[in-house]
Every structure is written in structure tokens, then in C-alpha cells.
Amino acid sequence: MMQFMLLFSRQGKLRLQKWYVPLSDKEKKKITRELVQTVLARKPKMCSFLEWRDLKIVYKRYASLYFCCAIEDQDNELITLEIIHRYVELLDKYFGSVCELDIIFNFEKAYFILDEFLLGGEAQETSKKNVLKAIEQADLLQELCAFLSPSPVMSTLMCLCTDWLPSLLLLLLLLLLSTLHAELLSAWHLFLCPEHLTLSLFGGGGQST
Amino acid sequence: MSDVVEKTLTALPSLLSLDSQPGSAKLSSTSKLGSLIRGITELTSKHEEEKLIQRELLSIKEQVASPNTTMRQMKELMVRTIYCEMLGYEASFSYIHAIKLAQQGSVLEKRVGYLAVSLFLNESHELLLLLVNTVLKDLQSTNLIEVCMALTVVSQMFPKDMIPAILPLVEEKLNHPKEIIRRKAVLALYKFYLIAPNQVQHIHNKFRKALCDKDPGVMTASLHIYLQMIQENPEGYKDLTGSFVTILKQVVGGKLPMDFNYHSVPAPWLQIQLLRILSLLGKNDPSTSEIMYEVLDESLRRAGMNHNITYAILYECVKCIYTIHPKSDLLEKAAKCIGNFVLSPKINLKYLGLKALTYVVQQDPKLALQHQMTIIECLDHPDLIIKRETLELLFRITNAQNVTVIVEKMLEFLRISKDDHNTIDLVGKVAELAEKYAPDNEWFIETMNTVFSIGGDVMQPDIPNSFLKLLSEGFDSVEEDRKLRLFAVNSYISLLQGEPGKLPQRFLQVISWVLGEYSYLKEDLESAAVLRLLAKLLDMKNSSSETKSWVFMAMTKLCEGTAGVSVAQEVSETYSSSMDTVLRQRAQELEHLSQDSELCAKVLPRGGDREHVEVDSSLSFLDGFVSEALAAGAAPYKPPHQRQEELAQAKVLSLEPYSLSLPISMSSCSITDRQSPTLLSMSSGLSGDSTDLSHKGGSTTLKLDGVKRVWGREGYLSQKEPVEESAQVEVPSPVRSPNQQEEGDSSHSQTPTVTPTLGCEQEKQQLASSLFLGLSTQSPVCLMGKSEPAPQRFRRKAKSLNTSEQISNSLISSPSAVDNLLCNNLLDSSITSEPDLSPPERTTELTTANGTCNTETALTDSGMKGSNPALNRDNSVDATDPPSHEDMDRPKNVCLMSHLPAELCGLAHSEITPLCTNQSLSLSACHVQKEDSLVLVVFINNCSDSDIQQTRIQVDSEDLEVSCVGDSPVEELRSLSVAVCQYSLTVKRPLVNVEVVGMISYQLPVVTTQELQFSYKLPLSSFIRPLMVSTEEYGTMWLAFSNDTKQNLTLISDEQEPLAATLNVLRKKLQLHIVEIIGMEGIVACSLLQDQPCLMHCRVHAGTLAVWLRSPTPDLPDCLIYHCQRALQCH
């Protein structure tokens, strides 16, 4: 099982940290400091694996960022290297040619992706497509919310929709229209909307106009 | 209308572009997080950053606390807080708000809330409890995203105790139509299994269902659980081997959907997981291994592509092949595979190759030979990690022939390595090798010197310890010992003459010890010179006070001759006023011992025999002190865990009234076993105490029952017999059992061989030939298990002889060594068991012994003599050999019994026990219970042929009032006759056991006055008489008495009415009077002789007997409860 994952820059600044074992803050800081120092001291052509305390450290550098994982003794180092690689691929796909700045400014997104990929220290979903699908669905919801802004009714509406992308897109379209023209709403929803949305849609539409 | 549609359509593209590139718009410079980050990057110093963040945190704190902050703002604030925490600034104030956000926010705010929670808290954090409800709600939500979020957070952290609350919901999710939910649910169960395996014990069938899930992702997730379970219990899952093999076959054959491919390799994560499981299942199991050979072969064959991921699978395959029951053609392929790794130009693969080689080299040393040139190259690799791994490999192939080269390489590495962890590890390995394979003394000492100087103060403390032990215990040959020690002394002297300031403290300690012990071996060396060198160490600034006391000890051993003494005096003067008390003490010792060389020789015998130090681990010699302290009112000792429990107890409301007096609870230090032949046994207090606690606990009895069961009297007692035996034999345990050593010797086989040379540079070849010396190509490949250890040069002396000797000795003598409780019975019985012992020896032994007798024997009604084996067992003396004891004593007893005075014949009396004996006299005694007192009857038996004159006998006791009954003691005793003396005893103050000591002086015709001392121990129970009272009287007395004790006793549960049965036992054994039994309660009364009543209230509670005793006499309840315990235990 992976014990923790750290992302830090060449300057030694921590960019992301995920701990899969319960440790105190003090220990976390100590480990981070020590590891960052050790890894940064290593030359580029050197081995990506380290034995550190009773753990094995697997690290890899991508541009200015170091990705560093700690695994247990019986774990496979090479596959961990591939986990790092897959995570970078995921970030790259999501942000579109990712750079350190993307991760700095949107670190919560990086966390969401990581949680969708690794769960509790084990690889959960290794398919790139599936991970990003899960993230994008949640994101879409976010865009929608941002778009509809502070309507509480709208957010409950969001909660209700359980069928993923197609209906969401429809909804989006509908609501967009509803903000422009309230009358349109009833006409559209009559032939497009699934049954269970009707009520809240009406409520929501009414409020936002 | 039309322009409305038009507007809509123009708005759409921007919306859609948002969707397709969700990340791109996030770099908005207007966000507060953005400005914070930019603010930080513009700063130049750490100090400024700190100020900025503190300011930021302060404003965040204000905002989150404000009621006007919307959830949306809260989400933004939370993101900023996460950022600050990541930079290392604490923001614990926000934790609760993160939970709130997860609880109250809408889906997206929730998402951030959950993220913050998972980043801020860990599973032991108490705030996590507040999350349980939220998780519960979200798990029931109809929104998939919410369910996903809840499962995600649950699989990362969840309070252990709350698992049952959400377990049904998570289980339900295993049937969810969406595979993502099922997968997360399985991972959540995995987490539960990790943190609380017993909570999910009952749903193992659900795991099987997950394993059979139609979605490979869910199946993969379930393998995590299986790996864990199989690791713990491989036997229980052998039946699944076939399924795992089938799955692996399908995966390798590319039967999975394309989604699971990673760089066109089918599901590598799944493959590796399966390989790990298979290796666990096939370990040491030929039949199970048989099933997997084919698929392993297939895996090896398929993983041909040159990509990291295929190497990962190959590596796992190789590991698996070497773990399971070996099959030769697979091993061959695996070895080839390892070769590819080792020879690979990619450094990561090379490293793993070395690792694999290290793993297999013990089974197959040939493999190391094949790659020797690569290994030599790796030894000089610029990457320390590679170097380190190579050394690890070499460590495994070390033997007596190549040890010097390998150790040299290791020390070389140690000199450049800075990492403490590495140093500790490697130093230990060098020390191990040096001890095992050292070719000669010189090398050994020098290597250890380097180890000590490099390992310094970080190394494991057992390295210097075992080194010193090695030196002091010596080996098989005395001459060798001397040489080794002399060499050590020589080398240390020269080190001290150099620059001792640079040596680490531990090394200095070793040096001073060795010099103190063995510098006399160097004949041309003046001890004063050594003293001066040592004194120099004391003056060094960086010597720790621990080192200084070692130095002092060494100096104490060394000071002799005028020059030496003067140095010692000088030093001790300086340090006798030191602030450090230990140093001051050592200085004082040095001062005194240097003045008194005789004393010194006695205290610190030169080259002293340190092997026969007997350790009384039960500390029984302190028992007298302890019982005195207890009697004087000291609190009984409680082990730490119990003190803590009591502290925890203190927090619980006490529902019972405070007792009127402070109980001197002797009971809590009760004797529940006889592991040391003494009055009070410390360890047994354990059991007594915890039961005591569980009673006081009152309302929390349920919880404490568990405690009691662990430490309870029954559990403890079950170990009684072995403890009894081992407690008597205290022998310093040999480090290695002699058998093991012999095995190591006999199995050793070594054939020096010619190492094959390869066409390479001369130097490397030389190195190679020295490194791989002794790794025979011809030697049979031992596949299972490690290769046999080579003979050890420094073998510890075999101690088997010694040990057995001491065992047999201690059976006879150790009680006398420990304390004076040696009894004639013991001698008798040991004599019967050793018939070879000649009669004269026996008599001398008998006379030299001053008899002390512990007669806690039961009072026997005149009819049933010695018929109570259970009670007899209490008598430590009898325990050694009860049957022989009885056989020996019975005839004697019967004849003595006839001398019992007529007026006492009708009363209950104890068995007659011998007190002391010599050639002419033998004393025995028994006690007889009278209504108002106890009569001690002493039989003086003249067993010599001549008459004895002027017999005078004195009996006295600290705890009892003794008065002589009847005529003044006999003056004259005819040959082979018996005289009887009677003493009436009453109790001064209650004690668990009371003792009578006495002395008899007499004159034989030829010899002058002789004296014999004896003592006689009585349990307090002999003074207890039933107290006939009615229930009403009992009630009034109860309220009047002030001294009380409470305790839980074991209940005799095998009878129909446990309470009545238990009380009956007490009545029989202790002569208590049962006043009344009402339901689950019973009241009992007794008195100490006539005038000191004691009342007992018993209640059956949670399977034990809660007893409450009250008496006007202090200490009496405590003593009585002890006897009750004993009586019930012996039952």
C-alpha cells in the first residue's frame, strides 16, 4: 500500500501532499523536509528508488516538479513509477499540457483527480478515460452551479439529477433559456425533461426569472 | 422569439468550450487564492512569508466564524486554508468548518469540504466523529456524486468505532448498478478490514461476491482485501488458488476490455496483485504451487515488450517463482530474467536486478558468480543506492574466505555515507560478519574498532554489549582468550595515546571497560600509566557523564600501587564535589576502594568469574521489606497499567459511600500463588488488584470484566506450576543454545574452489576472485531455506554442562540461598530422591541447617490426618515432593501424637511438623485450637544415645503473646525419649502469617552447651473462631465497625448454588459462621480468638463474589480476605 505521495518543486516547495497513513503533523513535516532534501540532492541519472527508513521511496521528476511516493517493502517499485506516470498523464489530459502553475493554482483539482485515481493508497481506477469521466461529471455540475449562481433551489435541483451527462446538458440548455425567457420553459420541458425533474424545474425557473 | 433563440445559440459555444476544457479557465487572476499565491511568490524571505500567511489565516479565521459567510464563500476560504496548511502553517480552527461545509454545502461545496476533511484530519482525530452523520446521509442520497464522495472519504479515513453504523449502507452499495459505486464500496470495506478486521468478519461472503463481480475493476478492488487476508492466513484461502490462476490466465491472454490496458499491456496492476497473492499461496506448498506453474510461465513469456510496465510484471513474476515451491525450468527462466535486469543499462532495472539477486542468492549462489563482473562494477557505482544494494548482496554471500574483502568494502561505504539509518544498519551487519567469520584476533579487534568509531553513538547498543560479552565470556581455548584480550588492550592503549577526543562515547566506554578488566594481561604496562590515560578522558570536555562513570569504574578496578593510588586520589578529589550525583558516587567509591586494597579485591575480583551471578528475578529478597512497609501502612505496589486503569476509574462516578478509614489494603497484595517461597509475592498482587478494581468500579463492571478475564486469578494460576519450577532455577541464560551451535557446526560444509576467471581487467578480476571465494560452483544448490552458516570463529562457550549442574543444585540449595526458608522436609525429600547420598553427608547437612518451618498446613480434625492435599500444596516445602514427605513423616507423626497432652487430645490440631534437627535432638511442633487461644505444642525428641542435660527452651514472637502453659520446661531429657512443652498464643496484631521463633540450648555429657534455633509459622486462620450472632446483632455490629476492605473473590461455580457452596468452603476451612444467606447475598461472621470480631458481607455479582469485610481491628479484614482467597483457590 502506498504510504504517502508528495509533489514538490525543484526549489523544495511542497505542491501537493497526500497521506494514506495516519501521522501527526509534526511527523509529516519532518518526513517531508527530510525527503525533499534527500531527493533534491540526487543527480538526474541516478536510480529512482531509495531505501529510506523502513520504506521504499519511488520518485520521478517531470519538468520542474518531483513526484515522490513512499511504498512498503513488499510493494513493486516499477509499478509505482507507472502510477506516478499515469497520474501525470491524467493531469496532462485534464489541464491540457499541464505545468506547475496549473497545479499551484488548481491544487484542489489535482487532489480530486488523485482521489479518483488512488483510493486509500491503492490504485482504484487505472483507465485514463474513466477517471477523467468521473472528474468531468463533477466539474460539469460545478460549471452549472457557477452559471446559475446563488440560487439554493438550483443546487437542490442539481442534487436530484442522477443521470449523468446527456440529461445534464439538456438541463443546462433549458436553464440557460429559462434565464432568458421564462415562457419558453414550460414548452421545452414538456417534451424534453424527465418526469422527476418537473417540479423543481418549475420552482427553479420561477425563481431565476 | 427568434432573437431569444439566437442569443441562446451564441451563448452555447462558450459554454461548451468551458465543458471541454474545464481546467483552462481556472487560472483566473481575480480569485483570492490566486492573489495569495502571487503574493507569496513575490516575497523574498521566509520571515515575510510567515507574516503574510499569519495575516491571511487571521482574516480567514474571522470570516469562517462570521454567520454571514455563505457556503460558497466558505468553500473558497477552505481552499485557501488547505493551501496555507500545505505550506506548513497550522490552521486547526478551520477543521470544524471543513466538516460543516461537508455537512451543509451543496454538492460542490461538499466536495471541497470532504477534500479538506481528508487532508486535515487523520483517522484518530476526534472531530471525525462529527462527520459520521454527514457520511450516513450522503450514502443514502440519490445523487451518485454525493454517494461517491461519501465512499471516497470513508475509504480514506473513518473512526474505527463507528464502522458498524455505516457498514450496512456500504454493504448495500455492493449491489449498486454503477460499477464505480461498487468499486468504491469494496475499497471502503478494504479500509475497514485494515483498521478493524473483526468488524467485517461476518461479511466475508460479500468479499467473495465482489471477487466474482462482472466488472473487472470491482474484482481488482476486492483483491486488495484478499491479499491482506491471505497474508494473515494463507491456509484459509488455498481453495481460491484455482480462481486466481484462471483470472490471471484471462488477463494475460488479453480477455479484458481495452479500457484496462496500460500502454497496451493488459491490466498490469491486476496482474501484479494476482502474482503477489499467488506467491503467498504457493509458499511452502508444492501442491498449490503446481497449479500456478503454467500461468507463471505464460506471464514470463508474454511480458516481452521493452517497457517499464512489463518489467514490473516480470519482476513480480520472478519474485513469485522464487517464493513458491521451486520448479527447475521456471527457475532457469527466472534466473535469466534476473540476468537481464542486472545487465540492463537502465539504472532502475539494474537496481531491481541486484535486489532480486540478493533475494535469491542464498538459495542459488551460482547466480552471483554468473554476474560477478557486474556486481564489481556496481560496487563502484556513483549512485550510493546501487552501492548499498550491492553490499547487501555481498553480505548475503559472505563466508570465511571472503569476509575481509567484503567487510573492507562495507567499511569504505560507511565512511562516505551520511545517512544515519544506513549507518546503523550496515554497522550492525559488519559487526555480525566480524563476529561470525573473523580470520584472526588482530583483524577482529581492528574491525570492531572501526565499527565503534564509525557507528559512534547511533549504532544499536547491543553491538558494544555483545562485543564485551564475547570478550568476557571467552571461547573454547584459554590461550586464545588471553591473546584476544591482550590485543584489544594493546590497541586501545595506543588509541588513547593518540587522540581520544575524536572517539565516540560508546567506544570510550568499551575501551575503559576493557582496560579496567584486562590491562593486567599486558605485563610491561604499569597500571598507573593506564590510570593516567583514563584520567585524561575524564578531563575531556565532550565526555558524557555516562562515559565518565564507566571510566571511574575502570579506574576503581585498576588502582593499585602507590603511583596508581595517587592518581586515583587526585581524580576522586576533583569529582567528589561534582554536581552529578552518579559521578560523585563513583568518585567516592574510587576513593574508598583505592585506600583499601583488600576490600577492593573482594568487591572487584580480578578476572572474576562473572558467569555464576544468580539473579533472583522475583526480587524475593525484598519481600520482607515489602511486607514491613505494607504493615506500616504503605500503599501496595501497582504496575503502571493498573495505575492508569485506576486513573480512568477515578473519572467514573463512584456510587458507593466513601469508606470510613483508609484501607491498608493488604488484600491487594495478596498471595495467590507461591512462585517465590516467600511471604508476599509482588507479581501476584496483579491478580488481586484487578479484581479489587472491578468491584470498586460499580457501574462500569461490564467493561472491567474484560480486564479481569485477562489478568484474573484463574488465568494467572494456570501458569502456576511452570513458574514455580522456573523461579527456583535462576541461571543466566546462554546467548545461544548449545544445541544450535552444534547444529551449525555439523551442517557446515565448505569446499574452497577455484573461481572461474573472466577476461577482464586484472584488478577487477582480483577483486572478483577475492569476493566470490568460497562460493562453490560445485556446491549443491540448496533451494529451500538458507545456506548453512559457516563455522563461527568466536563461538561462545557451551554452557550446557553448567546449566544442568546448576539446575540440580538449585533444587536443593537455591531456596536457602534466597532466604532462610529451608526446611527439613525439603532436605528429607531431596535425599529420598537422591539415594546415592551417603549417610554421613546427610547428617552433616541436617545439623548445619537451622530449621525454619512454614506450616500453613490445614487444621486437621483428629480423624483425617493429612488428608488435604490441596492445602498441603500451599506449603512450599511440600510442593517439591509431597508423597515422599508424607511417607517419611507419617510414622514419626503417629508416634509423636501419642505424646500429645491428654487435655488437648479432643481438640482440633494441625499436623506435626519438624522444626529442626541435629545429631542428638529433633524438634517438632503442632498447634491445637482452643476456644480462647491457640496452643503450640513442641515435641523435643532426644534421638541420641546419651541423656541431655540442662535443656532450656525459649519461645517468643513479635506478633503474638506467648505464655508457657503447665510446668516449667524439662531440664533433663533421657536418651530416646520425648518431652513436650506447651505455649499458649494470642494475637497482638493481625498479620497474614505469624511466626514464632525459638531457641533451645542443651548440654550433652561430653560436649559443652549447644544451641539450636527454630521458627514456626502459623497462618492467621488458626486463630479465627466462628462468631455466633443473629442477623439483627450482625446489623448493629456492622454499623459500628470502622475498618473495612472490599474485594472480589472467585466463586465456586460448578455447584448448583454457587454462593452457598463458596460460603460452605469458607466455613469448613476458616471456621467462619454463616449467619444467613438471602438470595444472592450472604452474611458471615467470625472473630479473632474471642474478642476481635470480623463481619463479612458477600454478594454474587457478575460471576464473582464481591466481599465486604468490616472489623473494629485494623488490618484484620485485609488478612482475612487473603485467607479467604487462599481457601477458595485451593478448593
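B:Asp425 is partly exposed, with a relative accessible area of 31%, where buried denotes under 20% relative accessible area, exposed over 50%, and partly exposed in between (1.4 Å probe, protein chains only). In this predicted model, local features need pLDDT of at least 70 and side-chain atom pairs count only at pLDDT 80 or more, whereas totals for chains, interfaces and linings use all residues; side-chain values use heavy atoms, with hydrogens and water left out. Residues are numbered from 1 along each chain as its sequence is written, chains are lettered from A and ligands numbered from 1 in the order in which they are written.

The side chain of B:Asp425 forms a salt bridge with B:Arg388, the closest N and O atoms being 2.3 Å apart; a salt bridge is taken as a side-chain nitrogen of Lys or Arg within 4 Å of a carboxyl oxygen of Asp or Glu. This pair links distant parts of the chain, with B:Asp425 in helix H23 (residues 420–437) of chain B and B:Arg388 in helix H21 (residues 384–396) of chain B, 37 residues apart. Helices (H or I, at least four residues) and strands (E, at least two) are DSSP runs, numbered from the N terminus. B:Arg388 is buried, at a relative accessible area of 11%. Salt bridges with shared partners join B:Arg388, B:Glu392, B:Arg396, B:Asp425 and B:Lys429 into one network.

A further salt bridge in chain B is formed by the side chains of B:Glu298 and B:Arg301 (3.5 Å, N to O). The two residues are separated by about one helical turn, because they are 3 residues apart in helix H15 (residues 286–302) of chain B. B:Glu298 is buried, with a relative accessible area of 18%, while B:Arg301 counts as exposed at 57% relative accessibility.

In chain A, the side chains of A:Arg53 and A:Glu34 meet in a salt bridge at 3.1 Å, N to O. Distant parts of the chain are linked by this pair: A:Arg53 is in the loop between strand E3 (49–52) and strand E4 (55–62) of chain A, and A:Glu34 is in helix H1 (residues 25–40) of chain A, 19 residues apart. A:Arg53 counts as partly exposed at 31% relative accessibility, and A:Glu34 is partly exposed with a relative accessible area of 27%. Over all chains, the structure holds 38 salt bridges. Side chains of opposite charge can pair when their charged atoms come close.

Chain A and chain B share an interface in which 86 residues of chain A are in contact with 82 residues of chain B, contact meaning heavy atoms within 4.5 Å. The area buried between the two chains is about 7,500 Å², of which carbon and sulfur atoms give 62%; buried area is the accessible area (1.4 Å probe) that two parts lose on being put together, summed over both. The rule finds 7 salt bridges across the interface of chain A and chain B. One pairs the side chains of A:Glu116 and B:Lys184 (2.9 Å, N to O). Across the interface of chain A and chain B there are also 20 residue pairs in polar contact, both residues at pLDDT 80 or more. A polar contact is a pair of N or O atoms within 3.5 Å; within protein, one must be able to donate a hydrogen and the other to accept it, and residues adjacent in sequence count only if both atoms are side-chain atoms. Helix H5 (residues 128–148) of chain A supplies 14 residues, the largest share of the side of chain A that touches chain B.

The secondary structure of chain B comes to 49 helices and 19 strands. Of the 1131 residues in chain B, 54% are buried. Among contacts in chain B between residues at least 6 apart in sequence, 68% join residues at least 24 apart.

B:Asp213 is found in the loop between helix H11 (204–211) and helix H12 (216–232) of chain B and is buried, with a relative accessible area of 16%. Its side chain makes a polar contact with the side chain of B:Arg182 (2.8 Å). Leaving aside neighbours within four places in sequence, B:Asp213 is in contact with B:Arg182, B:Val218 and B:Met219.

B:Gln271 lies in helix H14 (residues 268–282) of chain B and is buried, with a relative accessible area of 5%. A polar atom of the B:Gln271 side chain lies 2.9 Å from the backbone oxygen of B:Pro266. Not counting residues up to four places away in sequence, B:Gln271 touches B:Leu248, B:Val251, B:Val252, B:Val265, B:Pro266 and B:Ile313.
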